[in-house]
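Have the sequence and the 3D view open side by side. We will walk through the model a piece at a time.

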Amino acid sequence: MHGSTHRRAVRTVATAAVLLLGVGVVPTIAHAAGIGGRATGSEAVTVGTWGLTAATTSMSFTTNTAQTTTATNTGSIALSAESYVVTVSKPFFFTPTMTVYECPVAWVSGACSGGTGTQIGGTLTAGTTTTITTTTSLGVGASLYLEVVPAGVFILTTTVTLTPEVTSPAQLRAPVRTMQ
Amino acid sequence: MSTHRHTSKKERSYGKLAVAGLLTTSVALLGTAGVYAGLSATATGAEQVSSGSLNLVLSNDVGVGFSNFTGKMAPGDTDNVYVNLNNTGSLASAAGMTLGVAGNPVNALTSGSVPGEGLTVTATQCSVAWTLATGTCSGTTTPILTTTQVSGMSTPVALSNIPALVAATGQVAHVQVSLGLVATESSTNGVPPAATVQGLSTTLTYTFTELQRTGVATNQ
């Protein structure tokens, strides 16, 4: 009984000390901060995506027959230019070359609307990796039709890998300035 | 039985004596206090004081003010909003104001987790209201915040050159707040890099804060 009373007394003294300390500290902080005026506003924003996806990225050539693939803007931002990293393998004894053409519509029997399409970059030699770029604008969801045309002797298999690449901000649509 | 009754009577008489003693002591103490009260003197003075207020009000300058950017932002895009900052309190503000920007959720747009990329904020003051259609100022422009990464604004940064808000109460600053995006990254065959700002969303909260003028010591 006596012990309990003593503990209560000690607790009361400790609580009072903490309260006194708190009362002493709070005015000090308030004095240092002074009065402040504050105003807030909020704004939501979503960033788009940019990317070009090829239906086929690897082609094997054993003859001089051209092959095609389709590259589609699968991002949410329109593109002003697109690049392709093209690697041509080097078969033994032979050095074939490759040329890449683009067409705004699908190729039909190796022709682009009756023509040859537009060449992207130069002639690509076997055993090299080259980045070629076109400045064709491509809207969201739009496609570009590519044709890889081989030249030279094809006794052994030559592999071409064609990887689309889009780099921001240079290859995206022109920046937009919004006032609201 | 008889003994018990006798004892009880004795206890009651002791109780009466104790009560009587306490009453006597109380009367004696009151009398003493009365003597002391009679000897005290009081002097009074009055001083009236009113505390000032410091209110910063944000409102639209032209257009809709802070709102949502409805499109998909691309690197290099800027979204400009036009707001008024008005000191409506009765105290002048100190020579300075801060702007803090916080994103919710926090992601690569606001955290700086992709080095050199993310959202940026620029603020410019115009001496008159902005022209919304062209985003131009027909008066004098004063840059108050150069382009700053939002990732560096979770701790408020000081705005500069804002005399209209510093001078006195009732002053208005016409401020253009420009939100931009910096991102230099390549997507390969439609796939963004592992560390990217693409496809992210956040809601930014802008907090403008002004502090009261320095305290004044008056002798009168």
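**An exposed serine and what surrounds it**

A:Ser113 counts as exposed, with 12 C-beta neighbours inside 10 Å. Here is the rule: a residue is buried if 20 or more other C-beta atoms lie within 10 Å of its own, exposed if 12 or fewer, and partly exposed in between, with C-beta atoms placed from the backbone. A:Ser113 sits in the loop between strand 6 and strand 7 (118–125) of chain A. Strands (E, at least two residues) and helices (H or I, at least four) are DSSP runs, numbered from the N terminus. Phi of A:Ser113 is near 50°, a positive value in a residue other than glycine.

A:Phe93 also belongs to a loop, between strand 5 (82–88) and strand 6 (97–103) of chain A. Its phi is near 70°, positive in a residue other than glycine. A:Phe93 is exposed, with 8 other C-beta atoms within 10 Å.

This is a predicted model: local features need pLDDT of at least 70, side-chain atom pairs count only at pLDDT 80 or more, and totals for chains, interfaces and linings use all residues. Residues are numbered from 1 along each chain as its sequence is written, while chains are lettered from A and ligands numbered from 1 in the order in which they are written.

How confident is the predictor about chain A? The mean pLDDT (the predictor's confidence in each residue, from 0 to 100) is 85 for chain A, and 81% of its residues reach 70 or more. A contact needs two C-beta atoms, placed from the backbone, within 7 Å. Residues 13–32 of chain A stay under 50 too, with zero contacts beyond four places in sequence.

Now look between the chains. Here 40 residues of chain A are in contact with 60 residues of chain B. Strand 1 (36–47) of chain A is among the elements that give two or more residues to this side of chain A. Strand 1 gives the most, with twelve residues. Strand 1 of chain A also pairs with strand 2 (residues 72–73) of chain B, in the parallel sense over two bridges. To pair, two strands need at least two bridges found by DSSP. A:Val47 stands opposite B:Met73.

Finish with two prolines. A cis peptide bond joins A:Ser168 and A:Pro169, with omega about -5°. A:Pro169 is in the loop between strand 10 and strand 11 of chain A. In chain B, a cis peptide bond joins B:Asn104 and B:Pro105, with omega about 5°.
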